[in-house]
Amino acid sequence: MTTPPGRRHGRAVGLVPVWIVLAWIALLATLGFYAQHALHISTDLRSFMPPARSADQKLLLDQIGNGPGSRLLLLAIEKAPPDHAADLSRGLVAAISSDARFAQIANGALDDSLLSSDLLPYRYLLSPTLDQHALDAAYLTSELGERVADFGSPAASMLKPLLPRDPTLELVKLAQRWSPPKPPPMRGGVWMTEAGEPLLIAQTRAPGFDPDAQSAALAALQNAFHALPDVGAATLTISGPGAFTVAVSERTRGESEWIGRISTVGFIVLLLVAYRSFAVLLLAALPILSGALAGIGALALSFGEAHGITLAFGFTLLGVAQEYPIRLLSHRRAGETAIASIRALWPLLLTAITSACIAYLAFFASGVPGLQQLAVFTITGLLVAGLSTRYLLPHVLPQQFRDAEATPGIARAWNFLDRLPRPRWLPPLLLLIAAGMFWWAPPPFWQDNLAALTPVSQTDLQRDEHLRSALGAADVRYLLVLQADSANDVLDLSERMTPRLDKLVSDGVIDGIELPSRYLPSAEVQRERQAKLPDRSTLEAALAQAQTDLPFRAGLFEPFVVDVEAARALKPLTAAQFEKSPLGTRLAAMLVERDGRWLGLATLIGVHDVAALQKLDGETHGAVRLLDLKDASESLIKQYRARILRALAIAIGLLALTVFLAFRNLRRAWHVLAPMTLATILVLAVLRISGIPLSLFHL
């Protein structure tokens with residue numbers, strides 16, 4: 001007695017042309033090897049930012065990735081013993097100071113490495129001391145007298161090594177000048193909160209939107225902290241853009257991996273239940289694997305790199321290709337060869353492939369690098385998966401197979417679904433319900449505020465706000481932009497604007513401001529200070545007079561005399577030379593060139609009167625203007641949304657045309673498009689009635 005064709009058991013892959021399978025696998029291995037070595041995985045989240053259309057928007061994107069605020073980490077040591085808290089702060093600074101991942105770490109204590117040894121003579125050109133004083137006998141007598149008094153203070157051990165080369169403590173004055181405009185109170189020689197928690201700031205060399213580099217920086221801070229002696233129950237709290245980037249990246253990766261594992265297991269179980277054959281399951285995976293590797297190869301050829309999120313989303317979207325081998329396996333009937341089945345199925349399958357590729361073309365039209373990469377990966381993957389299903393898979397499937405229709409339970413499930421009522425009034429009713437949802441949904445309809453889209457928890461945001469307030473950190477919304485023809489002209493403009501901006505601080509318009517000239521004076525100011533430096537003989541005479549009746553041995557200040565003499569012959573320090581100092585990256589972030597013009601980016605603290613700052617634009621004829629990063633981001637989002645909506649409208653039109661040409665029947669085409677259209681409207685309506693504004697993520 002023979003088994004009915006619909007009930008035959010699939011054989012092992014003995015009837016499968018093994019050489020085709022092996023050749024296919026070898027080709028995939030070669031493609032995978034190429035992709036692994038040719039494709040660089042990027043982690044810069046700016047790949048998914050909309051393209052800038054204006055100067056302010058370009059500046060916004062630069063600041064998000066490379067601005068001083070994006071690289072800043074805010075640190076607090078909590079639960080530290082009061083008598084040991086300052087030691088932990090100093091220990092952490094000492095441990096991190098030599099770490100190449102950080103451009104700076106500060107806790108308010110004097111850092112004698114602010115200037116390297118070769119730049120140290122420049123301190124007289126950088127410090128404002130000579131603007132009010134001359135290095136004469138009277139001033140030196142006053143300064144040396146203060147140094148004698150300092151020997152009886154707790155700071156004696158710190159100041160004593162500086163004395164021979166810097167008796168006027170210009171380095172200390174520069175450290176105070178280069179500290180935050182509104183620093184926290186000092187206790188035990190370091191910054192502290194009112195509750196006695198040490199505060200620190202660290203600036204990374206890597207951009208704030210580089211999750212891998214920021215993760216390494218956070219780990220370095222935590223490891224260095226826990227390696228300190230007598231840490232006990234103390235903990236290190238870290239906040240800032242870099243910390244948020246790491247948290248969002250880890251959360252996204254964790255959730256996507258969890259969902260991916262569940263969906264993969266579910267998909268495998270479904271196929272095994274339906275087809276009851278491991279051989280068929282493995283062979284059906286070959287088109288999907290081919291599409292994935294082909295997509296990666298296309299990215300390597302087209303871009304050379306791809307963001308990790310591109311690949312994560314790409315593999316999710318490529319899941320559409322799972323239906324291609326499933327269609328072949330499910331439409332194949334007992335007694336029919338796979339080749340005959342795919343020939344009959346191909347027009348329908350080709351329509352599905354083409355329509356999906358057209359839909360994903362909207363990604364390419366977005367102008368966003370990450371989405372363009374996603375379009376190349378997905379479209380290439382779908383085409384290769386579809387063509388593999390058409391021209392390769394039928395030749396390797398077993399001749400004998402299990403008809404999916406014969407799977408126990410499937411027929412009963414289908415009959416149950418088939419008996420469900422299909423009232424014609426249901427779609428119009430659902431449309432009316434959706435219209436009501438849109439009507440009663442709370443505003444706003446669109447979410448244009450990037451800050452509202454962040455998945456960072458409210459607790460983390462409140463902690464960040466608390467640390468920013470305690471440290472006097474810059475406002476993350478506003479920048480004052482100074483524009484001139486050269487970097488030195490920007491510094492000159494910064495100096496000329498200082499009295500005007502200081503008045504705004506005294507008037508309560510802002511709490512503080514950090515200008516580029518705070519770190520590097522213009523060449524003209526440096527030359528003016530240089531001209532006030534005495535020659536060697538004059539300085540030696542003034543020193544001899546100042547040392548009278550003071551306990552300093554003769555010749556002690558020879559390094560000081562040598563530095564002053566060297567400073568008299570120096571050329572003005574440039575921004576490029578200043579980059580050698582630990583604060584060089586800070587100035588580089590505040591002094592940037594854009595389209596042949598130079599911009600100075602002054603950070604603001606505690607903005608209370610925006611209108612008063614906006615008046616500077618008219619007063620300076622556009623040389624100084626206030627940049628509202630929130631407004632710039634919202635205008636960027638609105639322009640980008642309009643572009644995406646146009647692209648989607650074109651894609652939908654092409655999709656409808658493709659379906660109509662496939663069926664050559666308007667009614668049948670509508671039957672295909674209507675469920676998708678109704679489902680999309682209902683999803684959007686449910687989101688809106690739930691109080692969720694629509695955003696770029698939904699598009």
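Of the 67 residues in the largest nonpolar core, Leu135 and Phe560 touch the most other members, a nonpolar core being a set of buried Ala, Val, Leu, Ile, Met, Phe, Trp, Tyr and Cys residues joined through side-chain atoms within 4.5 Å. Helix H20 (residues 487–506) supplies the largest share of this core, seven residues; helices here are DSSP runs (H or I, at least four residues), numbered from the N terminus. The model is a predicted one, in which local features need pLDDT of at least 70 and side-chain atom pairs count only at pLDDT 80 or more, whereas totals for chains, interfaces and linings use all residues. Residues are numbered from 1 along each chain as its sequence is written, and side-chain values use heavy atoms, with hydrogens and water left out.

Leaving aside neighbours within four places in sequence, phenylalanine 560 is in contact (heavy atoms within 4.5 Å) with Arg123, Tyr124, Leu135, Leu140, Pro164, Arg165, Pro167, Leu539 and Leu543. A second, separate core of 51 residues includes Ala298, Leu328, Trp346 and Val368.

Glutamate 143 lies in helix H6 (residues 137–150), and because its relative accessibility is 7%, glutamate 143 counts as buried, the classes being buried under 20% relative accessible area, exposed over 50% and partly exposed in between, with a 1.4 Å probe and protein chains only. Proline 443, in the loop between helix H18 (426–440) and helix H19 (458–471), has a relative accessibility of 77% and therefore counts as exposed. Its C-alpha atom is separated by 40 Å from that of leucine 515, the two residues being 72 residues apart along the chain.

Two packed helices are described by the angle between their axes and the distance between the axes. For helix H11 (residues 278–302) and helix H15 (residues 369–391), the axes come within 7 Å and cross at roughly 140°, where axes are lines fitted to C-alpha atoms, for helices over the stretch in contact, and angles run from 0 to 180 degrees between N-to-C directions. H11 is therefore oblique to H15, since angles under 35 degrees count as roughly parallel, over 145 as roughly antiparallel, 65 to 115 as roughly perpendicular and the rest as oblique. By class, the contact of H11 with H15 has 10 nonpolar, nine polar and no charged residues, with Ala, Val, Leu, Ile, Met, Phe, Trp, Tyr, Cys and Pro taken as nonpolar, Asp, Glu, Lys and Arg as charged, and the others, Gly among them, as polar.

Helix H13 (residues 323–331) and helix H14 (residues 338–364) have axes that come within 9 Å and cross at roughly 140°, and H13 and H14 are therefore oblique to each other. Glu323, Tyr324, Arg327, Leu328 and His331 in H13 meet residues of H14 that include Ile342, Leu345 and Leu349; the residues of this contact divide into nine nonpolar, two polar and two charged. H13 also packs with helix H10 (residues 241–275), at an angle of about 15° and with the axes 12 Å apart, which makes H10 roughly parallel to H13. Here Phe267, Leu271 and Tyr275 of H10 make the contact with Ile326, Leu329 and Ser330 of H13, and these residues divide into five nonpolar, one polar and no charged.
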